[in-house]
Amino acid sequence: MTRSIETFRHALDAIDSDLLDRLAERQQVVDLIGLIKRTHRQSIRDEHREEHQRTRLRQLAERNGLGADAADGLLDAILDQSRQRQSEGPPQGALKVAIQGQPDSWSALSLAHHLGEVSQPVHCATFREALSALRSERAQLALVPVHNSTIGTVRPAAELVTAPDLVTLAELAFPVHHCLATVAPVALSDISHVHSQPPALHQCTNRLAQLGVTCVDEADTAAAADVVRTLADPTHAVLCSPQAAERRGLVIIERNLNDHPENATTWTLLARRPAPSRPWRLSARFGRPDHVVSIGEVRVGGSETVVMAGPCSVESEKQLRTAATAVKAAGARVLRGGAFKPRTSPWSFQGLGEPALELLATVGAELGLPVVTEVMQPDRVAMVCEYADVLQIGARSMQNTPLLRAVGRVDKPILLKRGASATLDEWLGAADYILAEGNDNVILCERGIRTFSRATRNTLDLSVIPVLRERTHLPILIDPSHAVGVARWIPDMAVAAVAAGAHGLIVEVHPEPSEALSDGAQALTPEGFDAMMARVRAVTQAMR
Ligand code: PEP
Ligand code: MN
């Protein structure tokens with residue numbers, strides 16, 4: 001089979017996985033409709049609706065070149081599966097839906113309107129809490145307001161709902177007509193304070209300004225009604241739903257005082273995203289161009305072969321400065337050096353710790369080289385960030401998920417090394433942990449894997465380069481030093497990596513390899529590194 005067929009088949013596999021993921025999302029909506037049908041004793045099959053779907057899909061399929069017959073076949077398969085699913089159905093009983101707010105808050109009313117008898121609210125104090133109720137399976141769904149016709153985006157809810165582990169099943173609009181209520185009949189001019197949730201107050205800005213009242217922020221509109229009832233002071237009014245006022249025995253002084261009489265809010269109905277058919281999705285290429293990670297002026301992922309170099313461990317100021325000066329002169333763009341070392345034996349040199357970070361920052365700044373160094377513990381991420389430009393996650397830490405999440409929350413690029421026995425799925429799954437926290441700047445680094453071969457320290461998996469180039473948009477670096485473990489074999493593998501399409505290299509260089517406190521056998525001398533760089537430049541040139 002020719003290589004191009006293989007390549008295109010991989011592309012198809014990725015698309016098919018995505019189709020299945022989308023169908024799993026569809027199934028969640030199908031289950032919801034099934035529950036509503038059963039609760040209302042409606043028949044599962046609706047031939048009128050099916051006809052409508054068929055016409056619509058045939059039209060779409062004609063337009064995008066699939067052809068109407070293909071649409072028929074697909075729809076038959078999907079409808080069959082949906083009908084079967086709805087007749088078997090998930091367990092009967094009301095769905096727990098997490099909402100922010102008390103009974104009679106606008107979220108509670110919207111839920112009652114849209115999902116009435118099939119739902120049971122799980123009341124939460126904040127949007128964040130509502131989403132954590134969903135994530136921790138205390139609720140099956142969450143209903144969160146994201147947009148309002150008067151004030152626009154509802155913050156912070158709108159930002160929270162885009163998390164990759166959640167999926168939007170539907171967007172549901174509901175009219176929001178606020179009323180002003182107090183504990184006893186009172187003249188409008190006697191009201192001095194109005195309690196409510198900030199977005200609600202915002203929706204009534206004009207009227208509240210006319211009344212010249214002081215606004216008091218509360219957790220939600222119904223909670224505000226409770227506060228006003230407890231205060232029992234008729235000069236303190238609440239802005240809430242008429243239901244919240246009436247059920248608390250409050251007197252409605254004015255209705256519909258929102259700035260726009262047609263005020264309406266849109267809620268997002270969220271579910272947990274079904275587990276994807278592969279453990280990674282954010283690092284998937286999905287047709288995206290190569291992602292270029294910027295480290296200061298240095299761009300990793302473009303046409304330049306970026307070389308990072310320096311000693312395995314920072315041992316002294318002199319050692320680091322000598323190594324750094326040499327690698328810079330030879331063309332390295334980033335300085336490496338370990339401060340915290342993940343050694344096999346606790347009796348071996350463990351790194352100098354924070355003093356090494358200080359030296360890296362000083363020498364790096366002196367030479368104009370950004371620095372990369374390993375962080376091993378979540379509680380040291382902030383400290384390492386103070387000194388480093390790139391944080392390295394070492395091979396041994398690749399599946400330390402709290403560490404991955406912690407570095408996902410910083411605004412520095414991450415060099416993610418492949419675990420010594422990690423599969424591609426596990427490695428990209430680890431990258432997803434970082435990306436899922438919002439850090440897009442992940443550089444993958446292959447550093448040799450454990451195989452039966454004892455010829456070299458590890459086996460450099462060069463074949464992973466073309467595979468990664470196809471499956472992910474993230475840049476790929478090769479670490480021939482830890483892969484090969486013997487200095488004189490490293491340059492050959494470095495040039496091979498560049499020829500295979502790596503975006504760069506990370507290489508260990510020591511001014512006196514025989515004196516090194518760690519990984520001396522694999523350290524290039526400054527001269528050896530310089531010679532390697534000449535070959536790397538030649539291959540980069542030839543590859544253009
Ligand atoms: C290192 O880069 O110094 C290191 C320890 O690498 P790895 O995690 O790949 O073994
Ligand atoms: Mn090392």
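1. Asp 432 touches Pro 279, Trp 280, Arg 281, Leu 282 and Ser 283, leaving out residues up to four places away in sequence. Contact here is heavy atoms within 4.5 Å. The model is predicted: local features need pLDDT of at least 70, side-chain atom pairs count only at pLDDT 80 or more, and totals for chains, interfaces and linings use all residues. Residues are numbered from 1 along each chain as its sequence is written, and side-chain values use heavy atoms, without hydrogens and water.

2. What does the side chain of Asp 432 reach at 2.5 Å? The backbone nitrogen of Arg 281. The side chain also reaches the backbone nitrogen of Ser 283, at 2.8 Å.

3. The largest nonpolar core has 72 residues. Such a core is a set of buried Ala, Val, Leu, Ile, Met, Phe, Trp, Tyr and Cys residues joined through side-chain atoms within 4.5 Å. Leu 391, Leu 416, Leu 505 and Phe 529 touch the most other members. H15 gives the largest share, 7 residues. Asp 432 lies in this helix, residues 424-436.

4. Cys 312 (SG), His 482 (NE2), Glu 508 (OE) and Asp 519 (OD) coordinate the manganese ion (ligand 2) at 2.0 to 2.4 Å. Cys 312 and Asp 519 are 207 residues apart. Both are buried.

Key: Chains are lettered from A and ligands numbered from 1 in the order in which they are written. Helices (H or I, at least four residues) and strands (E, at least two) are DSSP runs, numbered from the N terminus. A polar contact is a pair of N or O atoms within 3.5 Å; within protein, one must be able to donate a hydrogen and the other to accept it, and residues adjacent in sequence count only if both atoms are side-chain atoms. Buried means under 20% relative accessible area, exposed over 50%, partly exposed in between (1.4 Å probe, protein chains only). Donors are N, O and S atoms within 2.8 Å of the metal (3.2 Å for Na, K and Ca); water is not among the atoms, so sites may look incomplete.
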